[in-house]
Amino acid sequence: MKLLKITWEDAVTIHDITHSLEEIKKFNLIQAETIGYLVCEDNKKIVLCSLVFYTKDNNEKYYKTLHIIPKKSIIKKEIL
């Protein structure tokens with residue numbers, strides 16, 4: 001399995017206090033990095049996981065702790 005590092009822009013949620021429109025206009029998306037095993041990808045998303053489990057006969061894989069990243073948000077994709 002490929003191990004990838006994805007650098008991408010993520011949404012921001014701000015709960016603390018009220019803000020003026022001028023303050024809000026200065027807010028930006030945050031840059032995130034996610035490292036994981038490539039599960040699958042298509043033209044809209046890439047799916048990584050942190051855990052892979054195999055059946056005793058190694059015929060099937062099960063994936064846990066999935067991270068689904070929109071392709072439109074990806075800045076950089078590296079194979080590790």
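I'll go from the overall layout to the core, and then to one residue.

Quick housekeeping. This is a predicted model, where local features need pLDDT of at least 70 and side-chain atom pairs count only at pLDDT 80 or more, while totals for chains, interfaces and linings use all residues. Residues are numbered from 1 along each chain as its sequence is written, and side-chain values use heavy atoms, with hydrogens and water left out.

Okay, layout. The protein chain has 1 helix and 5 strands; those are DSSP runs, H or I with at least four residues for helices, E with at least two for strands, numbered from the N terminus. Starting at the N terminus, the order is β-α-β-β-β-β. The radius of gyration is 17 Å, well over the 12 Å that the globule rule gives for 80 residues, so the chain is more spread out than a compact globule. That radius is taken over C-alpha atoms, and the rule is 2.2 Å times the number of residues to the power 0.38. Along its principal axes, the C-alpha trace spans about 60 × 25 × 20 Å.

How much of the chain is buried? Of the 80 residues, 19% count as buried, meaning under 20% relative accessible area with a 1.4 Å probe, protein chains only.

Now the core. The largest nonpolar core has 8 residues: Leu 4, Ile 6, Trp 8, Ala 32, Leu 38, Ile 46, Leu 48 and Ile 69. A nonpolar core here is a set of buried Ala, Val, Leu, Ile, Met, Phe, Trp, Tyr and Cys residues joined through side-chain atoms within 4.5 Å. Strands E1 (3–10), E2 (30–41) and E3 (45–54) each give two or more residues to this core, and E1 gives the most, with 3.

Take Leu 4. Leaving aside neighbours within four places in sequence, Leu 4 is in contact with residues including Leu 38, Ile 46, Leu 48 and Leu 80; contact means heavy atoms within 4.5 Å.

And my last stop, Ile 69. Which strand holds Ile 69? Ile 69 sits in E4, residues 61–70. Ile 69 counts as buried because its relative accessibility is 0%. Not counting residues up to four places away in sequence, Ile 69 touches, among others, Ile 6, Trp 8, Ile 46 and Leu 48. Ile 69 and Ile 79 are 10 residues apart in sequence and 16 Å apart in space, C-alpha to C-alpha.

That's my tour, thanks!

Note on methods: Buried < 20%, exposed > 50% of the residue type's maximum accessible area, 1.4 Å probe, protein only.
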